[in-house]
Amino acid sequence: MTQWQVVGATGQISEAFLLPVLEAMLAQFPFRILGFHSDNGSEFINHRVAKLLNKLLIEQTKSRPRHSNDNGLVESKNGAVVRKHMGYSHISASHAGEIEVFYEQYFNSYLNFHRPCGVPEEVANAKGKVKRVYRWYATPWEILRQLPDLARHLKGDVTIEELEQRARAQTDTAAAAEMQQAKQKLLANIQRRKTA
């Protein structure tokens, strides 16, 4: 698992609003996507999304009804990443476009090239019980670059050199500072319009 992550924002939970955001999110992945797992919401399970995924040769699977733990990774990333940075308070749907631009220009790049993640390793104890331990912390790019024959998995217009250049364009600290500054400006603009 590469832990590569792309975040998007949509004004409403419907296929009409989701489709352009989903297309933009899929375009941000440097490698080919083979599978798309979603919950059972009609915004994901419909003919327009199925047509898009079929065109890109992406297999779609869905969670079982009333089993929220089927998407455990998504739920944990939502709490550890989205809620940590964007907060728990309501943000009006009218700001979704600005938030999407922030995600595309700053946040997703920071997440994948500069934010380290714990890489799980399964270790069995003497009784055979398997436990996850985290001994290595790396950015999703550093994890992805470890794959053997990586170039074969990348999209046709993406090169390893280009990705390496993006990772080295800034230090992790500088990228975090730039992202935080852009986020503070975004949230201040949203707050100013909310109180105006």
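1. Contact here means heavy atoms within 4.5 Å. The model is predicted, and the points below should be read with that in mind.

2. On that criterion, helix α4 meets helix α8 through E98, I99, F102, Y106, F107, Y110 and F113. The partners in α8 are D172, A175, A176, E178, M179, A182, K183, L186, I190 and R193. By class, the residues of this contact comprise twelve nonpolar and five charged, with no polar ones.

3. Two packed helices are described by the angle between their axes and the distance between the axes. Helix α4 spans residues 96-113 and helix α8 spans residues 172-195. Their axes come within 10 Å and cross at roughly 160°. Angles over 145 degrees count as roughly antiparallel, and α4 and α8 are therefore roughly antiparallel to each other. The crossing of the two helices is left-handed.

4. Which residues form one aromatic cluster? The members are W4, F29, F31, F113 and W141. F113 also belongs to the α4 side of the contact with α8. Rings pair if their centres lie within 6.5 Å, and by this rule the count comes to nine aromatic pairs.

5. Is E161 buried or exposed? This residue, located in helix α7 (residues 160-168), has a relative accessible area of 59%. Exposed means over 50%, so E161 is exposed.

Key. Residues numbered from 1 in each chain as written. Predicted model: local features only at pLDDT ≥ 70, side-chain atom pairs only at ≥ 80, totals over all residues. Heavy atoms only, no water. Axes fitted to C-alpha atoms, helices over the stretch in contact; angles between N-to-C directions. Helix = DSSP H or I, 4+ residues; strand = E, 2+ residues; numbered from the N terminus. Parallel < 35°, antiparallel > 145°, perpendicular 65-115°, else oblique. Left-handed = near helix turned anticlockwise from the far one by under 90°. Nonpolar A, V, L, I, M, F, W, Y, C, P; charged D, E, K, R; others polar. Buried < 20%, exposed > 50% of the residue type's maximum accessible area, 1.4 Å probe, protein only. Phe/Tyr/Trp six-rings, centres within 6.5 Å; stacked < 30°, edge-to-face > 60°.
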